[in-house]
Amino acid sequence: MNTTIKNKIEAYDTNIKSLLKEQKFYIDFFQREYRWQERHIKTLVEDLTNSFIKSYDPSHKRSEIANYHSYYMGSVVFNVNPDDTKKSIIDGQQRITSISLLLIYLNHLQSKREKKVSISELVFSEKYDEKSFNMTDEDREECLTALFENGEYKIKEDDNETVKNMVERYQDIEESFPEELMGDALPYFIDWLTENVVLVAIKAYSDENAYTIFETMNDRGLNLTATEMLKGYVLSRIEDKKQRTELNEIWKDQIQKLHEYDEYADQNFFQAWFRGKYAVSIRPGKAGSENQDFEKIGSRFHSWFRDNHERLFNLKTSDDFYQFFKHQFPFFVKCYLMMWDSAEKYNSKAPHLCYVNYWGIAHSLSDPMLLSPITYDDDEITIYKKLDFVARYIETFTVRRSVNYKKFGQTAIKYTMFNVVKSIRHTSLTELAKNLSKEINEISENWSGVEYFGLHGMNRKFVKHLLSRISSYVDGLVGKDVTYPKYHHPEGRQFEIEHLWANKMEYFSDEFEQENEFQEWRNSIGALILLPQGTNQSFNSDLYSEKLEHYLKENTYAQTLHPSYYKKNPNFLRSEKVRELGFSAHPDFKCTDLEERQALVQRLCETIWSQDYFIEISSE
């Protein structure tokens, strides 16, 4: 390569289609792992779909998408070889991998449509009848192939961090993509995503230049963040120099605490705090509507605060600002980090924070809701109870939606959730319990959906959550100190979903004639339990009567299938709660047995998520 070309750097704007179509990107060794977490991918889906919905009108022709708002997704830096055929990604692979997963999902979503938007060439290209993915390394190939062809991939013990994260983020996309875009709006959204989502592509022709660009972008950025601009404004409103110096130290200390959790925790905190405690409006769903408090806080909370502190915060004088940020700011940082800690690690003081961390709504909605009822006078016990109550409402909402096969993407539920935020703001524990009970009564989906609920290709994550909750609850009925994490995300051997029926219809020829009917019954929630990884695989093709002896050695919920469990544990049925639930043994497992077990699951759900919980905890 001549020196002129080698020293050349090109930068240009491009869109998703132009960047990915029939291209080949290789992932540099130093940043090979894909590390995005649930919060990142759900925020991306939320931002993209909200941006699209702001312009979308069902009466539009698809050609009008060219006039829709664009969405800037940042930059991608890559190094190219002399003939411009091999591109190595230096910076941006996290976002491009995420977009590729979204494209795979959208391709499945449109698969049964008569007219499809051509997007497969953005994911892979084909040459000599061989497919290869446009962004790849050898570790990803098997996973990407399974996701593209089947929409699912079963994680193996030796899979690396990238593969595990890709599978989990794909599931997050399935959960968070809004239902309202799955119908007539889908081709419009796909067109908008590929044509109107723009990036700045930076192309270097030497490793040296590529890495210099990467370092410059990541180490030398001088742009002030929204948090820093908010700090500057707040300090400028404090006239006393000593107070300003004191508050500056308080601010630095609180931001440092937040940054110990996440690089962007400070910005997420202010968004949650301002939305939860002070926002009063949200943008209507129709096209062309203007952003309101909720959206403005999400994009520019520093300028929103500057425009609204007198009206919504009652901050007018220098002393108002000083007192507010000296006391309220550290207090709510403490509450936010209590919330974060209990979500990451099970805490018996607020167990539902752990549950909704794995089966909850978007953080942009849940975090403000969790902070909303807390007041500065609350002691630690009250704070935990309030956090737990709100998290319980969230989990009740998501589980009831899920057993009825309803999604809860951010765009579909944000108006409902924002109204809940306002209804519980600044409430006492008693008022909070009362208001949340009222909100639960207004959830349109009820537990009757359990009767027809079962496992399918896109809800395995939820089924694992539901069975983990049921299994730990039943353990608790017999006095075992076993919590949800043991089943859902143990430190050692993982638990897998076990089918009580082997995947062999010939075992059930007396009850089924059609394979699809057999599979539907086999995947019913009443025909599923959790077993340690490897245990279920060792006998999963056996007859139920042969499996039953193994179940007697497992968790209590599995043991209750076996008649011997009741003989060896006579006190089990003496429990009033157990009698109310109606457990019974199943020495055989025919369709009538499955229906009985399905009904038991419904009664368990009604008990686990009973509103009596608010009364019981409030009185402690």
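1. Let me start with Asn314, which is found in the loop between helix H12 (293-313) and H13; helices here are DSSP runs of H or I with at least four residues, strands are runs of E with at least two, and both are numbered from the N terminus. Asn314 is not a glycine, yet its phi is positive, at about 60°. For context, most residues other than glycine have a negative phi.

2. A note on the basis: this is a predicted model, in which local features need pLDDT of at least 70 and side-chain atom pairs count only at pLDDT 80 or more, while totals for chains, interfaces and linings use all residues. Residues are numbered from 1 along each chain as its sequence is written, and side-chain values use heavy atoms, with hydrogens and water left out.

3. On confidence, the protein chain has an average pLDDT (the predictor's confidence in each residue, from 0 to 100) of 90, and 93% of the residues score at least 70. Helix H13 (residues 318-344) has the highest mean, 98, and helix H1 (residues 3-6) the lowest, 61.

4. Tyr405 is another residue to look at: its phi is near 60°, positive in a residue other than glycine. Tyr405 sits in the loop between helix H16 (380-403) and helix H17 (410-424). With a relative accessible area of 41%, Tyr405 is partly exposed; buried means under 20%, exposed over 50%, and partly exposed in between (1.4 Å probe, protein chains only).

5. Glu121 is in the loop between helix H4 (93-109) and strand S5 (124-127). Its relative accessible area is 16%, so Glu121 counts as buried. Leaving out residues up to four places away in sequence, Glu121 touches Leu20, Lys21, Glu22 and Asn134, where contact means heavy atoms within 4.5 Å. Glu22 is 99 residues from Glu121 in sequence, but their C-alpha atoms are 5.8 Å apart.

6. As for the whole chain, the secondary structure comes to 28 helices and 10 strands. The radius of gyration, taken over C-alpha atoms, is 27 Å, close to the 25 Å from the globule rule for 620 residues, so the chain is as compact as a globular protein of that length; the rule is 2.2 Å times the number of residues to the power 0.38. Of the 620 residues, 56% count as buried. Among contacts between residues at least 6 apart in sequence, 74% join residues at least 24 apart.
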